[in-house]
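Let's take a walk through this structure together, one piece at a time. Have the sequence and the 3D view open as you read.

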Amino acid sequence: MSHMTRTTRLTLPNGLILLVGENHSNPTISIQGLVKAGALYDNADAAAPGARSGLARFTASLLDLGTETRDELAMASAIEDIGASLHFDGGSETVSIRATMLAEDLDAVLEIAADALRRPIFPVAQIEKIRAEFLNDVREAEATTSSVAARRAGELLFPVGHPLHESRGGTEASLRAIGRDDIVKFHRKRYRPDAVILAMVGDLTPDQALKAVTRAFGEWAAPAGPLGFEIPAAPAPASAMRRVVGMPGRSQADVVMAFPGVARTAPDYDAVMMANYVLGGASLSSRLMENLRDAQGLVYGVYSMLHPGVGAGPFQIRAGTNPTNAERCVVSILAEVRRLHDDGPTDEEMDAAKGYLTGVFPVRLEANSGVAAQVLSMELYGLGADYLERYEALIRGVTRKAVAEAARRYLTPDHYVLVLAGDLPAEEAHAV
Amino acid sequence: MIQAAHSEVFETTLENGLKVLIQEVRLAPVVSFAVWYRVGSRNESAGITGISHLLEHMMFKGTPRFGKGEIARTLQRIGASFNAGTSLDYTCYYETLKSDQLELAMEIESDRMVNATIPEEEHRLEMTVVRSELERNEDNPHRGIYQETFATAFQAHPYHWPTIGWRSDVEAITTEQIRRYYRAHYAPNNAIVVVVGDVDREEALKRVRHWFAGIPSSELPLAVTTTERPQQGERRFRLRKPGDIRLVIAAWRNPAMAHPDSHALDVLGLILGHGRTSRLHRALVETGLATEADAANESARDPFLVIALATAAPERSLAEVEAAMLHEVARLRTEPITEVELRRAKKQVEAGFLYSKDSIQSLSHQLGYYETIASWRYLEEYPAAIRAVTAADVQRVATTYLHDDARTVGWFDPPDSDGDGGAAGTAATAGGDA
């Protein structure tokens, strides 16, 4: 599939998983990794549902802002002095780790990454800096029609207490309530070697990689007890639910319709993914775009998307429109949902989807970082070490019937949540 | 240990004047194909500012061969990653796709080099998209302060106006003007074809000839020759527009990218404003004066700008942020940079150069970009030229270019804030406080 000669999977005695791809064309290495310490655990120890939302992202953002041996500036210079990059980002399920370096600096970067992951000290001053930044993010999100519509739709779709009920960014109340103790405890409990996967692609051998990773992470002991890395499935809405959030003075209104989506590990994932492509995933040539934008001129843009992970994130349809067109927009989105639900895709649409998916795959793998990201998700979702080789046949093998069935199962025209946000008369959530 | 995956860059010019750059890179079964036109907002004039960008949009509206929407649909159907971009000095179109689809990319680009229909109705419809882009720009404080900076620092040279154009021009440009501009500037002798990736050089060149050699060259409009007069005194502006942040900018005109001083200025830019170890970050962000601070030497075909930009922290005045920023710039003139700083900057350049070779898409982009603005060889010679920069060079270019009479200083200072700081400054930041 790609230029790599092979991918090797290695495990340290403490459970850390290492995936190595060799590409000796250029003296660089790209690392894409993760820690199973994302927002799904935010409220695991909270006194009330939602009381600590944002905790995982908060913790991840503090990792490289001070450790037992380096303050923030020392951390920054260690990376910048060697022209490398190292980033941590707290997502819904995992904390992502991204790094780029020259091959000669592999040991240095791994040592810095290990320092950040294993020995952060969470200085109070840095906590307050991050808190101010995140509070600002929340305020901005709550003032933006697109994120308000998406946030309220998530709250309607996932019941209180479900890990996806709230945004990974948290709420103003939860962000104010998070204390240093919460962060320290979260880190102690969730950051463990058997929760870490590192995919490393570039100018290195498996042997070099294993030695370097062992030096940096080998002495990190795994605590007893299982990780418990899962997200419960959300029930489908009992009916269609609708809410309108009035935001006076905004020139754009946003519409979000959401259904319970699909996990990346689900057997019908490829079929659902292709249904999404036909409906609104195919950028300019999707059904939604051709109808709402090209034929009716109702929207600037309209898209559908899945958020597949270990858990099933929402299957969302999102549109930005002039407020006067918002209701027409809803009617047309529903009509397209119903059409795909009832009739499935056409043969021509199946061909277009397969052409796109098989064509874009090698393009996404053209750089080390793309290969590393792919190998990482193969490991996380158990897609198999031969997934790269199987991919094209897998996609070619998805039938029109399978996609039609997926559309019937997921795009239920009578069970969805719908939220509009903009300069519109407000409506509390109600069944329609 | 390193296995040669990258060939030398092969350069040739077809009889019709089309420059061709080909590099074999056997990393993945993928190729990146691009056409760069030597036309951008620098080639515009009063009344037609923004026309290069408008034309770029119209290039997706079809030809007799590929009807409306067909270019995007065809490329989407084979999973190509494709886009276009317009800047001061260039307009570029690229497709990155499976190497067995290269022919299709060439067909599309050779076709629209001369056959774009630019229908009036499509122009009218596209104005919705262009207007929303204009509006987004107008609402964006960063875009706002940059625009004002360019308009202040350049009085004669076309870098005076933004690439997107002045709104009244963009609204008034006729379809016929776009067609005329297209015919004047889109020609093989004003273009560069770049092929990078999983190809055989000879075969790729043969296919380029097949698709492009038959397009006749044309007489190009006169080159832009305006040079900006030396700036003889500080220029200032204060932008009073609604917004939820407050910004300070300072800019100095630099030499054209091809000038030998560019390397020392690039190093200066990194030390002044790149990353958390940079001088501006330490003097402005670490101290709580600003929440963000960056600087860079922004080079173009003609002299452009060294730019420093900071976002003021709530309750800190724009005046104190500005003073701290200018103090750091003055230090570059009065004392040499440290060895540690110089070593760091050089390593960053070297690493960045190698990172860009990881991806054929970024490699292709760099070749086209440098060829349009200076020469693709600039890219090859870059690491060695940067390695040769000394602390004395950096101090010398700081003194030559970054002096007080040559600077443009601007504030983005929304009306409901108080630029001199105090409590009112807080109220101006994002949606009040709690």
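F259(A) stands opposite F315(A) in β10(A). Strands count as paired if DSSP finds at least two bridges between them, and the elements themselves are DSSP runs numbered from the N terminus, with helices (H or I) of at least four residues and strands (E) of at least two.

Before going further, a word on what you're looking at: this is a predicted model, in which local features need pLDDT of at least 70 and side-chain atom pairs count only at pLDDT 80 or more, while totals for chains, interfaces and linings use all residues. Residues are numbered from 1 along each chain as its sequence is written, and chains are lettered from A and ligands numbered from 1 in the order in which they are written.

Back to β8(A), which also pairs with β11 (residues 416–422) of chain A, again antiparallel, over five bridges. Here A258(A) has V417(A) as its bridge partner. How many residues of β8(A) are buried? Eight of the eight are, so the strand is largely enclosed by the rest of the structure. Buried means that 20 or more other C-beta atoms, placed from the backbone, lie within 10 Å of the residue's own. In a regular strand, side chains alternate between the two faces of the sheet. In β8(A), A253(A), V255(A), M257(A) and F259(A) point one way, while D254(A), V256(A), A258(A) and P260(A) point the other.

Axes are lines fitted to C-alpha atoms, for helices over the stretch in contact, and angles run from 0 to 180 degrees between N-to-C directions. From α9(A), A271(A), V272(A), M274(A) and A275(A) meet a group in α15(A) that includes A402(A), E405(A) and Y410(A). Contact here means C-beta atoms, placed from the backbone, within 7 Å.

Now hop over to chain B. Five strands form an open sheet there, in the order β7-β11-β8-β10-β9, with mixed pairing. β7 (235–239) and β9 (290–298) of chain B stand at the edges with a single partner strand each, so one side of each has no neighbour in the sheet. Neighbouring strands are turned by 10° against each other on average, direction ignored. β7(B) runs parallel to β11 (residues 407–412) of chain B, with five bridges between them; in one of these strands, β11(B), V409(B) is the bridge partner of R236(B). Helix α5 (residues 141–153) of chain B packs on the sheet, its direction making about 150° with that of β11(B). Another helix, α11 (residues 318–334) of chain B, lies across β8, β9, β10 and β11 of chain B, at about 30° to β8(B).

Finally, how do the two chains meet? On each side of the boundary, 40 residues of chain B are in contact with 40 residues of chain A. Elements giving two or more residues to chain B's side are α2 (70–77), β5 (91–98), α12 (339–356) and α13 (360–373) of chain B. The largest share, eight residues, comes from α12(B).

Conventions:
Contact = placed C-beta atoms within 7 Å. Buried ≥ 20, exposed ≤ 12 C-beta atoms within 10 Å, placed from the backbone.
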